[in-house]
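Have the structure open and follow along.

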Amino acid sequence: MIFDCDGVLVDSEPLANASFSRALKAQGLDWSVEETMRRLMGRSLKSCVEICEVEIGRKLPDDFVEKMQAVTYQSFRDAPLQPVAGVKDAVEALQKAGFDTCVASSGSPDKMRFTLGLTGLWDLFDGRIFSSSQVPRGKPFPDLFLHAAISMNVQPFDCVVVEDSVPGIQAARSAGMRPLAYAGAPYADRSALMAAGGEPFDDMKQLPALVQP
C-alpha cells in the first residue's frame with residue numbers, strides 16, 4: 001500500500017493552497033484557492049513553481065518558496081493541521097492485516113517530517129517515506145511510485161496506491177499499480193479522478209475492505 005501524503009494522510013491541501021494563492025497574488029498571478037488546487041495539486045513544488053513562472057512570464061523571486069513555506073507551516077501550526085478523518089485507524093488495520101505500507105509524496109522530506117509529525121502519523125511510516133526529490137521526475141510520471149516499490153521490494157502490479165489528485169492517479173496507472181482515489185474531501189473532483197482512471201471512495205473507513213480479499 002502506497003499512500004500519498006497531502007490530502008490523503010494529512011488534511012493540508014486547503015491550508016497549503018490558500019498560502020500558495022496569496023503568495024501568487026502578491027506576484028501578480030490572481031488565482032483563487034480553487035484554481036491553484038486545480039492546476040497544481042499533486043505536483044512537486046519545483047513543478048508548481050515552473051508552471052506559475054510560465055503563467056507570469058518571468059522568474060519568481062529567489063526567496064518565493066522559502067517565504068511561502070514559512071507562512072504555510074505557520075498555518076499548519078495555527079489551525080492546527082489534522083490527519084484526514086479515519087486514516088490512522090485504516091492504516092493500522094491494514095498493517096495489522098499484514099499489508100506493507102509506505103508514503104510516496106510530491107512533498108519534500110522535511111515537509112513530511114513536519115506534517116506527519118504534527119499529526120501523529122510519522123511513527124506509522126518511519127523509514128518508509130519517499131519523496132519526489134529522490135527521483136528525476138515527479139507525478140504524473142511513475143518514477144516516484146516505482147522507486148517506492150523497489151525500495152519496499154514489491155512488484156508494481158502488487159501495489160495499491162491511495163491518491164487524491166489527478167497527477168497522482170496518472171502516476172499510479174503509469175507505474176502499473178491499482179489507483180484508489182480518495183474523493184471524500186470537500187474540494188475533491190470526483191469526475192476528474194475517475195476520468196484519470198482512479199477508483200473513487202469517500203471514507204477512509206472503507207479502505208481496508210477495498211483492498212482485502
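Start at the second largest pocket, which is lined by 15 residues; Met37, Arg38, Met41, Val166 and Asp189 are the ones nearest its centre. A pocket here is found on a 1 Å grid over the protein atoms alone: it's an open set of points where a 1.4 Å probe fits, with protein on both sides within 12 Å along at least five of seven lines, and lining residues have an atom within 4 Å of a point. α2 (33-40), α9 (166-174) and α10 (190-195) are the elements that each give two or more residues to this lining, and α2 gives the most, with four. Helices are DSSP runs (H or I, at least four residues), as are strands (E, at least two), and both are numbered from the N terminus.

Before going on, a word on what you're looking at. This is a predicted model, where local features need pLDDT of at least 70 and side-chain atom pairs count only at pLDDT 80 or more, while totals for chains, interfaces and linings use all residues. Residues are numbered from 1 along each chain as its sequence is written, and side-chain values use heavy atoms, leaving out hydrogens and water.

Back to that pocket: it holds about 350 Å³ of space, a volume being the space filled by probe spheres set on the grid points, which are joined across faces, edges and corners. Where does the second largest pocket lie? Domain 1 (2-11 + 82-209) and domain 2 (13-78) both give residues to its lining, so it lies between them. The domain bounds come from an automatic or database domain assignment.

Now move to the largest pocket, with about 660 Å³ of space. Of its 35 lining residues, Arg43, Ser44, Leu45, Cys48 and Ser106 are closest to the centre. α3 (45-56) is one of the helices that supply at least two lining residues, and α3 gives the most, with five. This pocket also lies between domain 1 and domain 2, because both give residues to its lining.

α1 (13-26) and α4 (64-78) each supply at least two residues to that lining as well. Their axes come within 9 Å and cross at roughly 140 degrees; axes are lines fitted to C-alpha atoms, for helices over the stretch in contact, with angles from 0 to 180 degrees between N-to-C directions.

Last stop, the loops. A cis peptide bond joins alanine 79 and proline 80, with omega about -15 degrees, and proline 80 lies in the loop between α4 and α5 (87-96).
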